[in-house]
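Work through each exercise with the structure in view, then check your steps against the solution.

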Amino acid sequence: MADYLTDVKKYDAGASADAVTKIVKHLGIALRNRDSSLVSCTDQKELDRVKAGWIAKKLGVADANKADAALQKVCQAMAADNTKSRVTFYYLVAKHLDKLGSL
């Protein structure tokens, strides 16, 4: 858990430990496999899954343009990181969409 929070704090110094914990619980077993614990911004199918499963379903954001803008912004913010943690990625998307409070 501390590793996830440390990674999120690289991008948001005031990151909420509670929000990170909720994301970790939401992702559950997906975090056990290295491949599924990472997000690839160059894989459109992956981004579509994040948009459908995380942004639309969990965060309740139905506006596709808003979702795409959030994905693009987070991909740009994490561009230097070759291994984009799914927990960090989801946290930053939720933050960008102002949905951390609804987790």
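**Exercise 1.** In this predicted model, K10 and D7 meet in a salt bridge through their side chains. Find the N to O distance, then decide whether each partner is buried or exposed.

*Solution.* 
- Step 1: The N to O distance between K10 and D7 is 2.9 Å, and a salt bridge requires the atoms to be within 4 Å.
- Step 2: K10 has 57% relative accessibility, so K10 is exposed, as the cut-off is over 50%.
- Step 3: D7 has a relative accessible area of 13%, so D7 is buried, because buried means under 20%.

**Exercise 2.** Find where K22 and D18 lie, and how many residues apart they are.

*Solution.* 
- Step 1: K22 and D18 form a salt bridge, with their closest N and O atoms 3.3 Å apart.
- Step 2: Both residues belong to helix 2 (residues 17–27). They are four residues apart, about one turn of the helix.
- Step 3: K22 is partly exposed at 36% relative accessibility, and D18 is partly exposed at 47%.

**Exercise 3.** Which helices hold D68 and K51?

*Solution.* 
- Step 1: The side chains of D68 and K51 meet in a salt bridge of 2.8 Å, N to O.
- Step 2: D68 sits in helix 4 (residues 64–77) and K51 in helix 3 (residues 44–58), so their pairing ties together parts 17 residues apart in sequence.
- Step 3: D68 is partly exposed, at 35% relative accessible area; K51 is also partly exposed, at 22%.

**Exercise 4.** How many salt bridges does a search of the whole structure find?

*Solution.* The search finds six. Elsewhere, E46, R49 and R86 are linked in a network of salt bridges.

Conventions
Residues numbered from 1 in each chain as written. Predicted model: local features only at pLDDT ≥ 70, side-chain atom pairs only at ≥ 80, totals over all residues. Heavy atoms only, no water. Buried < 20%, exposed > 50% of the residue type's maximum accessible area, 1.4 Å probe, protein only. Helix = DSSP H or I, 4+ residues; strand = E, 2+ residues; numbered from the N terminus.
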